[in-house]
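This report is meant for someone meeting the structure for the first time.

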Amino acid sequence: DQGVLLDGLKQGGGAAGIFCAGNATIAGNRVTRCNGVGIYLDSYSTSFSPLVTGNEVDGCFKEIENYNYGCGLFISAGTGARPEISYNYIHHDTLRNSSRNYGGGIYCDADALIYQNVIEANVLLSDTGSYCAADGAGIFVDMNRRPVIFSNIIRDNRCATDAWRYGAGIR
């Protein structure tokens with residue numbers, strides 16, 4: 001049976017759908033139309049290894065003034081941790097109206113395994129003027145991280161801003 005979370009609401013940039021700071025399996029859910037991140041993974045434990053598989057995340061949107069990280073899926077983990085993200089459908093999520101938007105589909109600040117996902121039609125949208133950035137509409141990988149990303153379908157993601165645009169697929 002599929003779990004459904006509809007119209008989740010969380011202010012302040014954290015999780016709106018599902019939040020995980022432990023070694024849970026998050027499987028078979030549909031997270032839709034959230035005002036915030038669909039699935040939010042965050043722990044600096046070296047043994048942090050949640051499995052996120054077989055979920056659909058769609059229609060989520062996030063609007064924060066300065067730094068806007070992740071809309072469909074947010075991953076942040078310490079050295080030695082290995083979150084696993086597989087067989088998910090992450091689509092039609094939007095980061096908007098920030099001076100910097102990172103990772104419309106997936107924001108990755110971890111040495112995660114990311115494979116066999118469909119990541120499509122996510123948008124980074126900003127009209128905040130000449131100093132705004134849109135990076136990694138499909139997947140954004142933070143500096144100094146070494147995730148393993150393979151066998152994903154990443155298509156039709158876009159960075160829509162009048163200034164800096166980088167990596168509509170992966171950056």
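In this predicted model, the protein has 24 strands and 0 helices. Of its 171 residues, 53% are buried, and the accessible surface comes to about 7,700 Å², with 49% of that area belonging to carbon and sulfur atoms. When contacts between residues at least 6 apart in sequence are considered, 77% of them join residues that are at least 24 apart.

The largest nonpolar core holds 30 residues, and the members that touch the most others in it are I39, L41, L73, I75, I106 and I114. Two or more residues of this core are given by each of strand 2 (15–20), strand 5 (37–43), strand 10 (73–77), strand 15 (106–109) and strand 20 (139–141), and strand 10 supplies the largest share, with 3 residues. Apart from this core lies another one, of 5 residues, which includes V37, Y40, F74 and Y107.

Around I114, once its neighbours within four places in sequence are set aside, the residues in contact are I75, I85, I106, C108, I139, V148, I149, F150 and N152.

Strand 10 deserves a description of its own. It is mostly covered, since 5 of its 5 residues are buried. L73, I75 and A77 point one way from this strand, whereas F74 and S76 point the other way. The table lists the pairings of strand 10, each with a pair of residues that face one another across it.

| Strands | Sense and bridges | Facing residues |
|---|---|---|
| Strand 10 and strand 15 | parallel, 4 bridges | L73 and I106 |

The cysteines remain to be considered. How many disulfides does a search of the whole structure find? The search finds 0 disulfides.

Methods. Residues are numbered from 1 along each chain as its sequence is written. This is a predicted model: local features need pLDDT of at least 70, side-chain atom pairs count only at pLDDT 80 or more; totals for chains, interfaces and linings use all residues. Side-chain values use heavy atoms; hydrogens and water are left out. A disulfide is a pair of cysteine sulfur atoms within 2.5 Å. Buried means under 20% relative accessible area, exposed over 50%, partly exposed in between (1.4 Å probe, protein chains only). Contact means heavy atoms within 4.5 Å. Accessible areas come from the Shrake-Rupley method with a 1.4 Å probe; for residues, only the protein chains shown count as cover. A nonpolar core is a set of buried Ala, Val, Leu, Ile, Met, Phe, Trp, Tyr and Cys residues joined through side-chain atoms within 4.5 Å. Two strands pair if DSSP finds at least two bridges between them.
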